[in-house]
Amino acid sequence: MPKRKAATRGRAKLGDISAAGLRERMAYGDDVIFTDFTVGGCGAAATAVYIDGMVSTVTVYDFILRPLAAGRALSHAETARDVIGLVMGGRVFHGRKRLCLAPEEAEEELLAGAAVVIFDAAGAAVAFDAPGFEKRGVTEPTSENVLKGSKESFVESLRVNTALVRRRVKTGDLKIRELSVGRRTATRVAVVYVEGIANGNTAALVIKRFESADVDGLVSAGQVEAVLYERRDTLFPQALYTERPDRFVGNIIEGRVGIIIDGMPIAYITPVDVHAFLQAPEDYAHHFVLSSMFRIMRYVCAAASLVLPAFYVSVTTYHQEMIPTKLAVSIISSKQGAPFPTYMEVALMLLAFEALLEAGLRLPRAVGQAVSIVGALVVGQAAITANILSPGVVIIISAAGIAGFVVPSQDMSNASRAFRLALVALASVGGLFTTTLGLILILYNMCSIEIFGTPYLAPFAGGEGVRMFDDTVTRRAWAFKRRRPADISPEDSVRQGAGASGKGGEPQ
Amino acid sequence: MIRKAILPIIAALSALLFACGATLRFFPGMSEISDFEVVQVIGIDKKGGGVEVTLVADRERPPGEEGAAGTGMTGIMSFEGLTVSDAVSKMNIYSDKRRHLGYVDYLLIGEDAARDDITKYLDFFTREYETRYSMFVFIARGVTSKELLRATAAANRRMAGVLTNIDEAVKALSGSRMLRLIDLAGMLGDGSEAAVVPAITYEDTSFAKVIGAEKPEKTAVPDGFAFIRDHKLAGFYDGGLARAYNVLTGRAHAMPVSVKAEDGEYSTLEILQYRVSFETFWDGKTLTGVRYVITAEANITEQFGRRNVFTERGMKALEDGAAELMRRELEAVADESARLGRDGIELGRRVRMKNPVKWAGIADDWSEIFPKLNIEIDVRCVISRSYDLRERIGADG
């Protein structure tokens with residue numbers, strides 16, 4: 001600070017900030033409050049500027065304006081420059097303050113929720129941190145509820161979210177690198193990782209990607225994913241999102257990198273493989289045998305959800321011999337009089353199913369439930385009774401739909417829904433031949449994805465090929481999970497010691 | 001670049017396939033399952049100088065139709081032709097539904113057709129890939145397959161279901177077996193041995209409780225084995241011979257054996273498992289005889305008399321009685337096979353497996369050797385479980 005003083009003393013003004021200039025720049029910003037006052041003692045003119053609703057007025061009045069206007073601490077100051085010097089020197093106590101010399105700096109601080117005091121005579125301003133906007137309290141997660149586990153979820157405030165993480169990782173190695181992304185929104189983005197565990201290159205790449213993002217703003221998850229995702233030619237999700245701080249932390253200490261975005265009640269985790277999208281937070285709360293059982297069921301359901309409608313179209317339209325005789329008789333009887341070919345029935349039902357889902361999501365909860373009941377029960381039953389649809393198709397689409405809901409990741413589920421429809425289209429053309437062709441293309445697409453160097457199908461394809469069942473389709477007992485996943489190349493691969501279970505390695 | 005091109009290529013390919021799928025020969029033809037009729041059983045009979053093929057098509061009643069949904073209806077159709085394929089080719093002419101052989105599980109050959117030449121009636125099905133591996137074959141004994149199928153359908157029974165249940169019944173009694181067409185083709189191809197095919201017939205029965213009014217009805221029941229020699233039906237193995245055939249060929253499951261205990265009352269032993277050891281006796285390159293040693297384990301499932309049979313003497317009497325009964329049956333089936341002039345107990349296979357080198361020297365003459373061969377059969381029976389948890393009520397001591 002003495003250096004700055006020495007450097008500026010020779011000039012008439014410290015910078016080129018003026019209240020009038022800021023007033024002009026913020027014209028028609030009716031929520032921007034300009035308050036002119038005189039600094040107590042020296043009589044220097046100053047203007048306090050803040051945005052109503054974004055700052056705590058109590059803080060502004062009692063801890064900024066009052067000490068400046070009525071306090072004796074600045075009575076020795078003779079000029080505005082002296083006032084600024086004393087303020088920055090600590091005569092007016094405040095937790096976080098910053099000297100702004102350029103109008104852009106002052107504007108940035110103002111928009112970030114600071115109260116800015118402009119000294120026209122000095123051409124400079126001091127920004128006082130005084131956040132006080134309304135924010136939602138930490139509540140229970142809405143889409144990742146668990147019985148055995150934390151009931152906290154992320155909220156829209158970045159600082160609250162970083163605090164939720166910090167509270168769980170009490171080490172100085174936890175790094176939270178904050179960036180401002182978006183030309184218009186200047187959204188604060190925090191890249192979170194544990195130094196010494198996370199791969200340094202991965203963390204640097206993530207930071208670089210956000211730093212170099214030349215976007216208008218980050219206001220939706222899609223915009224964040226557009227910045228974060230490496231591949232644009234796939235429907236598969238490439239980063240895991242979660243609203244649970246405990247899940248976020250679990251991944252961070254595993255060596256992954258987290259991204260928290262101001263204004264979003266979710267946080268992203270990268271790099272991940274496909275298994276992350278088929279794992280649920282509660283997997284780690286159960287006995288490993290139960291967890292493994294549930295996971296295997298999820299994989300089976302995910303496959304069934306993807307393939308079942310196409311398989312049904314294939315076998316009923318091209319490969320009837322594959323159907324057991326009794327089932328064939330039953331299907332034939334149920335299809336008597338149905339006017340549409342099977343592939344059209346399936347496609348119509350899939351579209352109806354998607355429409356019901358969309359309607360259920362967009363409408364208010366009570367109305368949404370009514371739509372589901374009317375759509376699924378009344379219309380479905382009526383369509384069967386009227387012989388417009390066959391019951392077999394309804395059963396298949398319902399089974400595929402329910403199996404799809406078992407997939408914990410909505411992004412993966414959405415991708416599966418799109419592929420499901422495409423596979424039905426292929427099945428209608430060449431049965432299992434074209435369905436298999438479609439599945440090969442999907443597999444090819446998955447195999448070709450790499451997320452910050454981590455193969456999507458690792459450890460089964462493209463990865464190190466080690467510890468393949470540690471935490472993928474199945475989960476090993478905690479006591480035996482001594483190493484972090486090799487495919488994300490953590491700097492410290494050892495997760496825990498031999499006595500991890502507390503009982504000399506007994507599985508838990 | 002390639003990656004970027006893949007999705008549009010897939011989209012274009014999909015659109016192309018959609019547009020041209022119906023006409024492209026490259027893909028299999030599309031046909032709705034509802035256009036098919038499921039034919040599970042086919043009967044073949046000799047008809048004049050040609051063939052009569054009878055199809056049994058099972059249909060479920062459509063939902064909403066009068067009568068409980070899901071209950072079956074049976075349709076019987078017969079087509080005549082000079083050959084089997086000639087008759088089968090007509091099956092799609094007079095129908096609103098398409099019929100194909102993909103679902104055919106059972107083939108019934110009428111007795112007349114079997115006596116004529118079973119192989120010529122099977123030829124069509126052995127060439128057909130859809131039936132070659134999956135189809136089970138039966139001989140309709142004393143009746144044409146058409147009559148058998150009609151009688152079963154008239155009793156409101158699904159023939160396929162009846163035949164499936166026969167398989168279950170066979171396991172409990174060991175009096176028959178299920179024989180796949182491909183296995184039968186193998187037997188017929190080996191001229192040195194007989195083909196032994198399960199036979200079924202129908203019996204009058206009544207189902208007062210089921211139908212509501214007692215009336216005579218006919219239903220298919222297993223009836224031993226048909227003995228096929230030189231591709232023609234030459235005889236049958238009945239009752240005890242049938243299960244003896246299964247024992248000698250190692251295909252028997254559980255079977256009851258009723259013998260008299262010391263007090264003259266019957267007790268039933270259930271043979272649950274048995275082991276067959278086999279020996280051959282040679283004089284140089286000449287096979288002079290064979291010996292089967294069968295060791296059976298049995299349970300006592302029922303005792304008519306009240307006398308305590310669980311004494312050393314009583315048990316031995318039961319064991320010896322069961323062994324003797326089994327031995328007589330086994331010798332009888334070997335004798336019957338010899339009488340019919342061909343190896344119908346798969347003895348040749350056992351000899352070949354036991355002495356493959358020596359077998360090569362006698363294989364060509366096996367048809368002549370077998371009827372004269374000395375076959376010795378020794379049966380030992382051991383009661384391993386009595387099920388006698390406590391003293392019987394009214395035991396005489």
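**View 1. Strand 8 and strand 10 of chain A as an antiparallel pair.** Strand 8 (residues 240–242) of chain A runs antiparallel to strand 10 of chain A, and the two are joined by 3 bridges. Within this pairing, Leu240(A) has Ile269(A) of strand 10 as its bridge partner. The model shown here and in the views that follow is a predicted one.

**View 2. The hairpin of strand 9 and strand 10 of chain A.** Strand 10 of chain A is also joined by 4 bridges to strand 9 (residues 257–261) of chain A, and these two strands likewise run antiparallel. Across this pairing, Ile259(A) stands opposite Tyr268(A) of strand 10. The two strands form a hairpin in which 5 residues lie between them, and in the turn Gly263(A) takes a positive phi of about 100°.

**View 3. The two sides of strand 10 of chain A.** Along strand 10 (residues 267–270) of chain A, Ala267(A) and Ile269(A) point one way, whereas Tyr268(A) and Thr270(A) point the other way, and all of them are buried.

**View 4. Domains of chain A.** Chain A is divided into domain 1 (2–129), domain 2 (158–272) and domain 3 (288–451). The centres of domain 1 and domain 3 of chain A, taken over C-alpha atoms, are separated by 63 Å.

**View 5. Contact between the two domains of chain B.** Chain B is divided into domain 1 (30–237) and domain 2 (256–397), and 9 residues of domain 1 of chain B are in contact with 13 residues of domain 2 of chain B. On the side of domain 1 that touches domain 2, the elements giving two or more residues are strand 8 (216–229) and strand 9 (232–237) of chain B, and strand 9 of chain B gives the most, with 3 residues. The residues on this side of domain 1 of chain B comprise 5 nonpolar, 2 polar and 2 charged.

**View 6. The buried face of helix 11 of chain B.** In helix 11 (residues 347–354) of chain B, the buried residues are Leu347(B), Gly348(B), Arg350(B) and Val351(B). Seen down the axis of helix 11 of chain B, these buried residues fall within an arc of 160°, and they therefore line one face of the helix. The elements against which the buried residues of helix 11 pack are strand 11 (266–283), strand 12 (286–303), helix 12 (356–362) and helix 13 (366–372) of chain B.

Conventions:
Residues are numbered from 1 along each chain as its sequence is written. Chains are lettered from A and ligands numbered from 1 in the order in which they are written. This is a predicted model: local features need pLDDT of at least 70, side-chain atom pairs count only at pLDDT 80 or more; totals for chains, interfaces and linings use all residues. Domain bounds come from an automatic or database domain assignment. Two residues are in contact if their C-beta atoms, placed from the backbone, lie within 7 Å. Ala, Val, Leu, Ile, Met, Phe, Trp, Tyr, Cys and Pro count as nonpolar, Asp, Glu, Lys and Arg as charged, and the others, Gly among them, as polar. A residue is buried if 20 or more other C-beta atoms lie within 10 Å of its own, exposed if 12 or fewer, and partly exposed in between; C-beta atoms are placed from the backbone. The arc is that of the directions from the helix axis to the C-beta atoms. Two strands pair if DSSP finds at least two bridges between them.
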